[in-house]
Number of protein chains: 2
Amino acid sequence: MVQKRNPPAPRPKSAKPGLAKPAAARPEPPSGGVPPKRRGRPRAYEPDVALARALDVFWKDGFAATSLDDLSAATGMNRPSLYGAFGDKRELYKKTYESYRNRARARMGEVFAADMPLRPMLERIYGIALEMYLSGEDGPRGCFTVMTAASEAVFDPDIRAMAVSGLVEMDRFFARLFRTAQERGELAASADPQALASLASATIHTIAIRARARMPRADLEAIVNGAIDVMLRG
Amino acid sequence: MVQKRNPPAPRPKSAKPGLAKPAAARPEPPSGGVPPKRRGRPRAYEPDVALARALDVFWKDGFAATSLDDLSAATGMNRPSLYGAFGDKRELYKKTYESYRNRARARMGEVFAADMPLRPMLERIYGIALEMYLSGEDGPRGCFTVMTAASEAVFDPDIRAMAVSGLVEMDRFFARLFRTAQERGELAASADPQALASLASATIHTIAIRARARMPRADLEAIVNGAIDVMLRG
DNA sequence: GCTTATTTATACGAAGCGGTACATAAATCA
DNA sequence: TGATTTATGTACCGCTTCGTATAAATAAGC
């Protein structure tokens, strides 16, 4: 039950007791990268797009309900290739999660860089969040971090640490937002940026959960608008 | 991948084509209930406690990661008994979820009946929530509804409907709270009880997620206090 | 050409899964 | 007592799961 999640520890890999690692991405001379003239048979996949496909599946079904066959079908890679490229299921999950985080961070970074007044800024952030959480071919998928934090993946210390850092990162992002808005006088001096940041994160979380449960988009938008009003002392 | 979740449809059960249902709880003459003198071999389990044990497991691990062996071990019932009493894994899940909802509803009902001023009322509600979400022998378990909504369990329409109704019920509970507080003048007349209710629910959700990710209790309490201050126009 | 390096493709194996047949046990009813 | 009813315990079934062993394919280096 506990041990179930820590499988029997891979055997030393028959021959080659030395470099048993799943290879993954070789050093590969920086990124000046013309064809690096690799030696053996060329890959039939691009690691980045394969990872994105795997993300789609994990995002939709969660860790436990996703099988290697699902991942194989989604990426077009057969099982040994998958294993060779990304390691086992858990490692693959971590890598997809990392790519998700990077993507989300990038989008949030853009918004912050846009440097606009607080209210439209918040509206834009929540607009992006709704777009992400409601997307998905087979219905809304919610937020990967929330899924991860809520699901059994938390039993892995690494994954849990990643989830926590995802939550904290979002808190800090909002806190910075409110702090600068306050400095500019867009927010009452008596306001507590930290508390507002928590509420802003909480609003993200609640729409993620509700999107996943397939609540109608209009409801989610109403929640967002109400939250913004309160946060801005409507 | 989709069909995976809708297994081959149970065969008509060999003999007895008529009453094939898993029996569950027989009518059982109201509740005046001295020993009802049932006919065959007596049960070796109490349905209520068995359900509570099953809830513990599902709550900790989620639907997909919980095996019938886990449930069997937790309840002390062997697999056929489990099946006879509660139906298959999905049905058992639904029944455990229902019992969870009833429990949560009862506790919230108590608080509402206590009829105290808004702030201590909120403090007490979040206190109960934290207690529930942080409990669990192997670490905090968060909120079952959030877990359910976030996990693959939502792919079942029934379960999704239950999850949505759980979310809506909490919204309504908070809305009623804020409305009566407003009528009593404990809340500014300009306040929007609906929006505040969403935020109050969102705060529940965010602490559920964070508890599950094992954020320290003090952090969760700080979030709750900040949220209450903002909601009450601190 | 042959050797070496790297990836793909097939296919297997041990373990786990949900569910059920079947025989046994323990109670009531006649 | 024996028939009937209900629940248990064992053992099994077919299927899926994750991971890997092995062989074939495709490239570069010589």
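This is a predicted model: local features need pLDDT of at least 70, side-chain atom pairs count only at pLDDT 80 or more; totals for chains, interfaces and linings use all residues.
**Exercise 1. Determine which residues touch the most other members of the largest nonpolar core, and list the neighbours of Phe174(B).**

Solution. The largest nonpolar core has 137 residues. Within this core, Phe174(A) and Phe174(B) touch the most other members. For Phe174(B), residues up to four places away in sequence are set aside. The contacts that remain are with Leu122(B), Ile125(B), Tyr126(B), Ala197(B), Ala200(B), Ser201(B) and Ile204(B).

**Exercise 2. Characterise the interface between chain A and chain B by area, polar interactions and contributing helices.**

Solution. Start with the area: about 3,800 Å² is buried between the two chains, and carbon and sulfur atoms give 67% of this. Leu199(A), Ile209(A) and Val230(A) supply 15% of the area that chain A buries against chain B, more than any other three residues. The contact involves 42 residues from chain A and 42 residues from chain B.

Arg210(A) forms a salt bridge with Asp171(B), with 2.0 Å between the closest N and O atoms.

Then assign the side of chain A that touches chain B to its helices. At least two residues each come from H1 (47-61), H6 (144-150), H7 (157-183), H8 (193-212) and H9 (217-231) of chain A. H8(A) gives the most, with 12 residues. By class, this side of chain A has 22 nonpolar, 8 polar and 12 charged residues.

**Exercise 3. Locate Asp115(A) and Arg214(B), and state the phi and accessibility of each.**

Solution. Recall first that most residues other than glycine have a negative phi. Asp115(A), although not a glycine, has a positive phi of about 60°. Asp115(A) lies in the loop between H4 (89-114) and H5 (118-134) of chain A. Because its relative accessibility is 47%, Asp115(A) counts as partly exposed.

Arg214(B), also not a glycine, has a positive phi of about 70°. Arg214(B) is placed in the loop between H8 (193-212) and H9 (217-231) of chain B. Its relative accessibility is 33%, so Arg214(B) counts as partly exposed.

Terms used. Residues are numbered from 1 along each chain as its sequence is written. Chains are lettered from A and ligands numbered from 1 in the order in which they are written. Side-chain values use heavy atoms; hydrogens and water are left out. A nonpolar core is a set of buried Ala, Val, Leu, Ile, Met, Phe, Trp, Tyr and Cys residues joined through side-chain atoms within 4.5 Å. Buried means under 20% relative accessible area, exposed over 50%, partly exposed in between (1.4 Å probe, protein chains only). Contact means heavy atoms within 4.5 Å. Buried area is the accessible area (1.4 Å probe) that two parts lose on being put together, summed over both. A salt bridge is a side-chain nitrogen of Lys or Arg within 4 Å of a carboxyl oxygen of Asp or Glu. A polar contact is a pair of N or O atoms within 3.5 Å; within protein, one must be able to donate a hydrogen and the other to accept it, and residues adjacent in sequence count only if both atoms are side-chain atoms. Helices (H or I, at least four residues) and strands (E, at least two) are DSSP runs, numbered from the N terminus. Ala, Val, Leu, Ile, Met, Phe, Trp, Tyr, Cys and Pro count as nonpolar, Asp, Glu, Lys and Arg as charged, and the others, Gly among them, as polar.
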